[in-house]
Amino acid sequence: MLEDYSKYSELNRVPVIDVPITGTNMSDCINFLTEHIDELHGEYICVSNAHTSVLAHDDPSYWDCQAESVMSVPDGKPLSVVGRKSFESMDRVTGPDLMREIFEISSQYGWSHYFYGNEQKNLDALRESLNRDFPGLKIAGMEPSVFRPLSDKEKHELSNRIVNSGADFAWIALGAPRQEVLMHELKGGPQPLMIGVGGAFNVLAGVVPEAPIWMQNLSLEWLYRLIQEPKRLFKRYLVTNTKFLFYQFTKAKRKEGK
């Protein structure tokens with residue numbers, strides 16, 4: 001068991017292939033956010049899975065991005081399964097479900113949301129879906145990705161736009177590792193809590209189908225996504241899943257920076 005980098009004692013972590021993952025579940029995560037959201041400006045949450053964990057194991061700078069978040073929650077089923085050896089109540093906190101849970105209670109707390117990433121057409125579909133499924137949800141802004149690294153000036157301007165929107169949450173959907181790197185670079189600034197949710201925008205927008213619950217429960221969500229996008233994901237999953245299993249069973253130590 002590891003202590004978290006943050007000041008919050010309840011956010012202890014467990015090493016999963018030597019990457020510190022927060023020992024939490026959806027209920028505890030939501031309770032933490034409702035209690036501390038006003039204190040979390042400039043912080044960020046990673047929604048972690050086998051892919052991001054392997055990247056962090058192999059890349060010391062990306063390991064820092066995962067480790068220095070206020071939480072790195074177990075999106076991937078394998079992470080929560082490994083983590084239960086230390087935290088019996090640890091369970092999945094998926095990006096789409098985390099968004100839904102927070103949107104459900106946003107009107108109660110008066111929260112508003114900024115969405116950054118993806119393409120404009122998918123953001124338009126997301127807005128339509130959110131207006132239908134969560135009537136009255138406050139959308140402070142939506143902004144597509146430019147699909148390239150941002151300059152320092154552009155990062156500062158993005159942060160200002162998010163801050164000036166008055167949002168309580170900034171949802172970042174650039175995919176790993178870009179979204180975690182960006183949030184890590186913006187950490188400590190005046191912007192609201194940032195949460196990196198990868199493909200969750202497309203799931204909530206209905207652009208990409210979501211795996212059935214039974215496949216998620218059997219850790220087969222990767223297979224469902226592979227069937228949907230075999231050309232794009234075959235090599236990634238072959239390499240990632242093999243490495244994850246190898247690192248887990250051999251207890252391989254992560255690569256550390258100089």
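Visitor: Is R132 buried or exposed?

Guide: R132 counts as exposed, at 55% relative accessibility. Exposed means over 50% relative accessible area, buried under 20%, and partly exposed in between, with a 1.4 Å probe and protein chains only. This is a predicted model, in which local features need pLDDT of at least 70 and side-chain atom pairs count only at pLDDT 80 or more, while totals for chains, interfaces and linings use all residues. Residues are numbered from 1 along each chain as its sequence is written, and side-chain values use heavy atoms, leaving out hydrogens and water.

Visitor: With which residue does R132 form a salt bridge?

Guide: The partner of R132 is D133, with the closest N and O atoms 3.1 Å apart. A salt bridge here is a side-chain nitrogen of Lys or Arg within 4 Å of a carboxyl oxygen of Asp or Glu. D133 counts as partly exposed, at 40% relative accessibility.

Visitor: Which residues of α6 are buried, and which are exposed on the other side?

Guide: The buried ones are N122, L123, L126, S129 and L130. They lie on the same side of α6 because they cover an arc of only 120 degrees around the axis, the arc being that of the directions from the helix axis to the C-beta atoms. On the other side, K121, E128 and R132 are exposed.

Visitor: Why do residues three or four places apart point the same way?

Guide: An α-helix has 3.6 residues a turn, so residues at that spacing point the same way.

Visitor: What covers the buried residues of α6?

Guide: The cover includes α5 (95-109), β5 (112-117), β6 (138-143) and α9 (200-205). Helices (H or I, at least four residues) and strands (E, at least two) are DSSP runs, numbered from the N terminus.

Visitor: Changing topic, how many salt bridges are there in the whole structure?

Guide: A search of the whole structure gives 10. One of them joins the side chains of E43 and K187, at 2.8 Å from N to O. That pair links distant parts of the chain, 144 residues apart: E43 is in the loop between α1 (26-36) and β3 (44-48), and K187 in the loop between α8 (178-186) and β8 (193-196). K187 is partly exposed, at 32% relative accessibility.

Visitor: How far apart are K153 and E157 in helix α7?

Guide: They are four residues apart in α7 (residues 152-164), which means a separation of about one helical turn. K153 is exposed at 59% relative accessibility, whereas E157 is partly exposed at 30%.

Visitor: And how many disulfides are found?

Guide: The search finds zero disulfides, a disulfide being a pair of cysteine sulfur atoms within 2.5 Å. For C29, the nearest cysteine sulfur is that of C46, 12 Å away. C29 is buried, with a relative accessible area of 0%. The sulfur of C65 is 7.2 Å from that of C46, its closest cysteine sulfur, and this is too far for a bond. C65 is buried too, at 4%.

Visitor: Which residues have the most contacts inside the largest nonpolar core?

Guide: They are L33, W171 and I195, in a core of 39 residues. A nonpolar core is a set of buried Ala, Val, Leu, Ile, Met, Phe, Trp, Tyr and Cys residues joined through side-chain atoms within 4.5 Å. A second, separate core of 34 residues includes C46, C65, A67 and Y114.

Terms used:
Contact = heavy atoms within 4.5 Å.
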